[in-house]
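Dear colleague,

Please find the structure below, with its sequence. My notes on what was found in it follow.

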Amino acid sequence: MAAGRAPRCEQPLMAGDDLARWRGEFPILESTVYMISNSLGAMPRRAAESLGEYARVWAARGVRAWEDRWWEMAREVGDRIGAIIGAPPGSVSMHENVTTAAVVALGCVPVRPGRNRIVCLAADFPSLIYLYRAQELLGFELCVVPAEPDFTVPVERLIEAIDDRTALVSFSHVLFKSSYIVDPGPVVARAHECGALALVDGYQSAGIIPVDVAALGVDFFAGGCLKWLCGGPGTAFLYTRPGLLETVQPRLTGWFSHRRPFAFDVGPVDARADAMRMMNGTPSIPAYYAALPGLEIIAAIGVDRIRARSQQLTARAFALADRCGFPSIAVRDPDRLAGTVAVDPPDALPVSRALKARDYIVDFRPGAGIRISPHFYNTPGEIDSLFAEMARIVEHKDYAVDAPVRSFVT
């Protein structure tokens with residue numbers, strides 16, 4: 001139990017802006033300053049109702065729920081996500097996490113002599129790097145492109161690593177430590193020029209910056225509802241380019257990909273023609289119910305509006321970090337920064353713990369410091385309050401996790 005409550009900030013988002021009305025949809029905002037949407041988006045109030053609907057359907061319909069809705073629910077949720085990221089209907093499959101989605105995509109890439117390299121970034125989230133290192137046992141060769149000390153990656157450096165030996169280029173659209181946006185267009189173009197496939201990890205971009213996967217021409221785009229899409233864990237997704245979807249045969253497959261799953265035929269898989277072709281075993285239906293309200297809210301607001309609000313709030317965070325004298329590795333170019341500002345005050349780790357104990361919800365990453373990730377439901381007053389409390393903790397070295405919360409006028 002936290003020692004106290006963070007101050008309520010009733011200031012509207014911006015004069016004349018109706019985004020403030022969405023705050024009531026997120027219960028955690030009543031008791032915390034929630035600035036960690038790059039890790040776990042706030043739960044929409046209706047997610048509880050949606051999960052209750054799942055329970056009622058299961059209780060009332062039992063196994064019949066599969067034929068009523070559940071069997072095609074992955075396609076339903078995938079199409080909701082597709083509408084947000086610019087993917088055509090039937091091109092987004094659902095998976096339990098991005099690592100699994102990447103396994104499915106990688107399972108479409110043949111290992112051939114002379115074309116066996118996987119190119120990725122040292123600044124990628126480590127889970128995918130662990131996955132790719134494990135593929136060396138199958139004959140893949142890993143090329144990890146280094147980052148700058150500030151956790152940015154010049155796109156030219158990534159492009160230079162791609163050659164005719166490359167089978168797959170996999171890279172983050174937004175780097176998780178620094179929130180730096182890697183321009184995906186030239187990288188995808190270079191991969192295709194060299195005959196390689198391209199996978200973009202969009203976990204830190206979907207829902208916070210506009211994405212159009214069809215216009216990008218990328219082969220695979222993975223992400224999840226956990227973060228900026230406010231959908232909770234267990235709902236990762238994989239877009240597969242429609243032209244590619246017609247021919248790929250993923251090595252990780254299962255009965256959900258079969259055109260006639262209840263024939264129980266043990267011969268070669270007669271794969272579906274839509275994104276369900278990329279699925280495998282029975283999915284987690286409760287996670288789909290939990291994800292739908294967040295997807296509805298993001299679609300209703302529009303990512304363009306969310307992006308504009310995010311840029312206003314991150315600019316305010318930069319201004320206050322400068323005023324407090326807290327350094328930041330985050331790039332100052334608003335066109336290259338996604339939704340997170342990492343600041344590095346003295347003793348950043350204990351400061352982050354003290355903030356969380358006071359219901360200012362942030363996190364810490366080594367080399368980056370305290371990550372502050374406002375979403376459309378946050379206010380300028382919350383940014384002000386967070387930095388005021390951070391400055392007070394630093395000034396007084398008040399790292400106790402049971403200290404009372406101070407209130408600030410903002």
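Predicted model: local features only at pLDDT ≥ 70, side-chain atom pairs only at ≥ 80, totals over all residues.

Residues are numbered from 1 along each chain as its sequence is written, and side-chain values use heavy atoms, without hydrogens and water. Helices (H or I, at least four residues) and strands (E, at least two) are DSSP runs, numbered from the N terminus.

Within α1, Ala-47, Ser-50, Gly-52, Tyr-54 and Val-57 are buried (under 20% relative accessible area, 1.4 Å probe, protein chains only). The buried residues of α1 pack against α2 (64–68) and α10 (285–301), contact meaning heavy atoms within 4.5 Å. Gly-62, which follows α1, has a positive phi near 60°.

Ser-257 lies in the loop between α9 (242–245) and α10 and is buried, its relative accessible area being 0%. Leaving aside neighbours within four places in sequence, the contacts of Ser-257 include Val-269, Asp-270 and Met-276.

There is also an open antiparallel sheet of 3 strands, ordered β9-β12-β11. β9 (341–343) and β11 (363–365) stand at its edges, each with a single partner strand, so one side of each has no neighbour in the sheet. Strands pair if DSSP finds at least two bridges between them; β9 and β12 (369–372) have 3.

With kind regards

Methods: Buried < 20%, exposed > 50% of the residue type's maximum accessible area, 1.4 Å probe, protein only.
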